[in-house]
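Here is a short report for a reader new to this structure. Take a look at the sequence and the model before reading on.

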Amino acid sequence: MGRLSRRAFALAALSTLTTASGAAAAPGRPRGRAAIEMRGVWLATVSNRDWPSKPGLTAAQQRAELLAHLDRAAANRLNAVMFQVRPTADALWPSPYEPWSQYLTGTQGKSPGWDPLGTAVTEAHRRGLRLHAWFNPYRVAGHTDPTKLVASHPARRHPDWVVPYGGKLYYNPGLPEVRAFVQDAILDAVHKYPVDGVHFDDYFYPYPVAGQTFDDDAAYDAYGGAFSNRADWRRDNIDKLVLETAARIKRIRPTTQFGISPFGVWRNAATDPLGSDTRAGVQSYDDNFADTRKWVREGWIDYLVPQLYWNIGFAAADYAELVPWWAEQARGSRTKLYLGEALYKAGDPAQPSAWQDPAELSRHLTLAREYAQVRGHVFFAAKEVSADRIGAMARVVADHYREPAGPPRRVTGRSAGSGA
């Protein structure tokens, strides 16, 4: 999720469309809802969005910047950090599967001289924060030239795994060997580090690009025979990734949570009567081939964080409409529901007037408290938590986070994939 990734797509999804604070308890020991809620922040590394501030810093400079983000999260009484450790088929830890990320040193495959993920886990726990390792499953590069990848890159060793699309390179989700490799690469980190969570973002099949086709003809011919159409086959590929990853995580670290943060609209009601009363130009079911509603209702994952990056009253995708819709999907499910919050929009002059009000995000939390299924919020992103350009984060903390929060409880009970 870089500068032109999840945020840009959220805006692009709506570009085709017809275009009061909660009282807080006194500070003290966490109790009631505050003791178990998610208060998270995304820490993005793709394109050096949040960290490190630029490639090529010394190990000491990188470490100091990382600790400053963790300190800020703790100071704001947050309790979890979603740290992006595999932004583009690479690694922010010493991995035998994929090269060191270029966003550290400026050169893909070059060691930064330290272990960012290992340090992040240790230092987050030292501050009372949980560390969720955030992985992008299929994105390989922000360009279409494989020769720009380090010579040892798996995408160069297996060019048949790769599909160029929309100016980027992606692994093909329709290939079983790709699915197995992606899981192996991710689970290496789960083996090595006591991460509290494994976190996926909204990128499964890439967001649609006008006039372009994602060329998976050969894979569909080879593996799609049991399906009446390509869309169902693609959704099944993503379902398999989710179910298999969930099961393998639990075998390695039974208490490690598995969560996903999809685009905020599953389907519009005009497309499907089960959908939300929205008019989004992107629907995750149809465009990312991610059946996010099913994952929640079947209890396949431990938590879901739909990206509800629109203000209250936004006609095409109203936050006040999407919260109760998602709450209803989570009713009776073992999957916890957290909400993704667009802190990055607060004070951005390019955004609607609602986002110029420092109280908009606080009103989101006030509204969400009306729904028992909502167990917390995650804010995009760490850079904005630090800058807090119009004081929107400070307002959230003052109105809702005056009590310190214990970490969200670990999921117990049925194993992933066993159904609701």
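## Overall picture

Of the 420 residues in the chain, 59% are buried. Buried means under 20% relative accessible area, exposed means over 50%, and partly exposed lies in between (1.4 Å probe, protein chains only). This is a predicted model: local features need pLDDT of at least 70, side-chain atom pairs count only at pLDDT 80 or more, and totals for chains, interfaces and linings use all residues. Residues are numbered from 1 along each chain as its sequence is written, and side-chain values use heavy atoms, with hydrogens and water left out.

The chain has 14 helices and eleven strands. Helices (H or I, at least four residues) and strands (E, at least two) are DSSP runs, numbered from the N terminus.

## Confidence

pLDDT is the predictor's confidence in each residue, from 0 to 100. The chain averages 91, and 88% of the residues score at least 70. The table lists them with their contacts, meaning heavy atoms within 4.5 Å.

Where pLDDT is low, the predicted coordinates should not be read in detail.

## A three-stranded sheet

Three strands form an open sheet in the order β4-β6-β5, with antiparallel pairing. β4 (139-141) and β5 (162-165) are at the edges; each has a single partner strand, so one side of each has no neighbour in the sheet. From one strand to the next, the twist averages 35°. Strands pair if DSSP finds at least two bridges between them. β4 and β6 (residues 168-171) are joined by two bridges in the antiparallel sense. Arg139 has Tyr170 in β6 as its bridge partner.

## Helix α12 and its neighbours

How is helix α12 placed against α14? Helix α12 (residues 360-368) packs on helix α14 (residues 392-400) at about 35°, with the axes 7 Å apart. Axes are lines fitted to C-alpha atoms, for helices over the stretch in contact, and angles run from 0 to 180 degrees between N-to-C directions.

Leu361, Ser362, Leu365 and Thr366 of α12 meet α14 residues Ala392, Arg395, Val396, Asp399 and His400.

Helix α12 is mostly covered, with seven of its nine residues buried. Among them are Glu360, His364 and Ala368. The buried residues of α12 pack against α11 (319-330), β10 (336-341), β11 (374-379) and α14.
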